[in-house]
Amino acid sequence: MAVIELPRLCDRAAALALKGDLADTTGSEALPVDAGNVERMGMAMLQVLLAAQRNEPGIVLTERSAEFDRALAVSGLTETFNTGAAA
Amino acid sequence: MNGIDIQAIFFDECEESLQAAEAGLDACKAGTQDGETINAIFRAVHSIKGGAGAFGYEALASYTHVFENLLGDVREGTVPVTSDLVDMLLLALDSLRDHVESVRGGTPAPDDAAIKARLAEAHENVGKDGGAAAAEAAPAASAPEPAAASGSSDTDDLDALLDDLLGSDPAPAAAQAPVEEAAEDEGEVEGDEWALYVCPQAGAMDNGSEPLLWLRELVELGGTCVKCDESILPQIDEMDPKEGYLAWTFAMPGSVERDKVADIFDFVGEQCLVLYGEEALNPPARERKVAAPEAKAPPAVAPAPAAAPASAAAKTEAAAAPSPTAAAPASQSIRIDLGKLDQLIDGVGELVIAQAMLAQRLTNEGLAHFEELAMLEGLVRDIQESAMAFRAQPISSVFSRVPRLLRELASSTGKHVKLVVAGETTELDKTVIERLSEPLTHLIRNAVDHGIESAEDRQAVGKDPEGTLTLSAEQKAGRIVIRIGDDGGGINREKVLAKAIEKGIVDPEVHNLSDEEIDNLIFAPGFSTAAQVSSISGRGVGMDVVRQNVKELGGRITIESRPGQGTDFVLALPLTLAISDGMIVQVGDQSLVVPLTHVVESLSPAESEIKGMGRNIRMLNVRGQFLPIVPLRQLTGGPCADASAEASMENGVLVVVETERCGQAALLVDAIIDQRQFVIKSLDTHYRSVDGVAGATILGNGRVALIVDVDRLVLDMTSRRQAPAEAA
């Protein structure tokens, strides 16, 4: 399955662009998302990922950069996302 | 929103809580001692305690803690609600009010040792005796268990919110513990930590702003995110990433000052809701910005027809059908800084003037009568009325302070007075309400001290030993009429007259004063019938000050006294101080404004209807009633010679007005120009006080017009004319 790679700058523009991809996803397996390159994470992207996580079949984070983890930590969402390897 | 704003909100809420507690205790005293009433009292005190703790007001927090302990016993039914207990709780509430006032005013905390000891003793006795017997003795007073009592209405309970926040069961014991203790018990929030709520709105991410950076700064200050509220996050295909769907609650260390946190949000403006302390634990309900997925089609609520599976239809239905999991409706009220409201009122005042000027300009161009102008006038009036309504407050905010005053008076005079209140929902301008407190207090003190007899005297004449004070308010003819009545002995007119003669207020040779005139002598400066100056009244300045205060409010005060039955003081006040309706009249080359509240009628009398009385007085015969004619030309500095008055009377118009002390009179003017709203500008502020002039306004032609002080003008002119006439 194709992996969606998050850009280095996950700002509002990136969130708007990615929302369509995540919303259109179909299938029975969680969509792999690579957050390994994220250097700046914004609230808009966080909201999109949260909504995508809820949307069946959800997403799974294959990679997480330190910056991405830090963003999750400050926003109290460290344990929210599924993490694992791409199927 | 900065710390000062939040403090202001805290004090507003304190006032509301105090009023709620007082209303609850009054209800208890009247016999309503159900669980909800007790809970309401508890919640009110509890709410103040929470805020006091959050703001670091130690004395207030400590006092409310002791107060709340006893209320907790009452709530749990371990202390029965007796009359003595309610009296003690009322005293405790008075002390709580003093505490709040001292915090607000930055003054030393009041001496609460005695009442605090009584509260603590009552609380401790429960522990020693065991509460079961007391609870059985007063089952009606027992409140439901906290969990049952809370329900939806209890969502503002700080402990419940803390428990909810920390994911624990609300235990009754926790409800009694201070915030810090409850938090410590959970081991997640340190004792001195405080809560912070951050809710970015749509627009918070505009212009490169990034809410997660604010959160990062909070963490760098030592804060910990304890909750991320995702409850309104919609499905991905229904969301707009530019919107703000998330909100966070942080636990901030006690060592971090609020200002430090506020600095982070300094430039955020209104794009992010930031709440501190107790408010952070009780944020307003948030509305879903789109239909939530779970609300889409629950068959039992809104069965989705097979023929209409389109998502648009589903969205419509989902939006219409209330979801059980949907957020509660947002609050229907908002708090607005009073300064902003005043700015709005000022702006509306200028709008009224600008509209009048436009109308005048168009009239000059021969374009007076067209639909758009009438529409504009209607709209301006609507806006003005709406703006004024924003400042309107129920008079209950003043009336609610009276029970305490009566309690204090009861302890100092020994006179127990029952209070009867009517019309407390009547609304009037906030400024009027604020300035009404002082004269009302004087009148009530006077009624209890002088009006209502002692219990022995009352019994001797067959009255209930407990006196009754009646407060009522109603809207009448564009004014608010407030009546303060007592069922005492009424004004002793012989005594009043004798005192007035003794003090040189009345000439001893004058013996034909009417009852009304004698009653009004109590308003004379320096008048007092009290044998001794007391702390309650009898200083001889109170009633004079009352009259002055009422007059400054643009109102008037009258007395209705019935010997042996009591006295009513009737205050007629304007609804608002800023904009009023008036009749614009022409006198010589001047335009004057006569407030419409005084105007009874206008007429052009026949010569036979005007009679002379002596050299100076002309009377108008209005359907058999003779009214003194007052030429307004004198106010404008014009000649007041009889010849001039006679000349203008032939071509002039008489405006019949109602006055406070002289009954009706007829103002002689050259012509009536218009009737319209006018914006009152104080002469005191811009120039100086002028007798007979209530203020000034700007007319549509841009010229300044004086507003006639009808009461003063008629009183001055009639008494001035009577003097030489009597001398003659």
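**Ground rules.** I noted that residues are numbered from 1 along each chain as its sequence is written, and that chains are lettered from A in the order in which they are written. In this predicted model local features need pLDDT of at least 70 and side-chain atom pairs count only at pLDDT 80 or more, while totals for chains use all residues, and side-chain values use heavy atoms, with hydrogens and water left out.

**Chain B overall.** I looked up the secondary structure and found 26 helices and 22 strands, taken as DSSP runs (helices H or I, at least four residues; strands E, at least two). Of the 728 residues in chain B, 46% are buried, meaning under 20% relative accessible area with a 1.4 Å probe, protein chains only.

**B:A117.** I located B:A117 in helix α5, residues 113-129 of chain B, and its relative accessible area of 45% makes it partly exposed, a class lying between 20% and 50%. B:A117 and B:V66 are 51 residues apart in sequence, with 9.0 Å from C-alpha to C-alpha.

**Helices α15 and α16.** I then checked how helix α15 (residues 338-364) of chain B packs with helix α16 (residues 371-391) of chain B, and found an angle of about 160° with axes 10 Å apart, the axes being lines fitted to C-alpha atoms over the stretch in contact and the angles running from 0 to 180 degrees between N-to-C directions. That makes α15(B) roughly antiparallel to α16(B), a term for angles over 145 degrees. Their contact (heavy atoms within 4.5 Å) includes B:L338 and B:L341 of α15(B) and B:L373 and B:L376 of α16(B).

Methods. Parallel < 35°, antiparallel > 145°, perpendicular 65-115°, else oblique.
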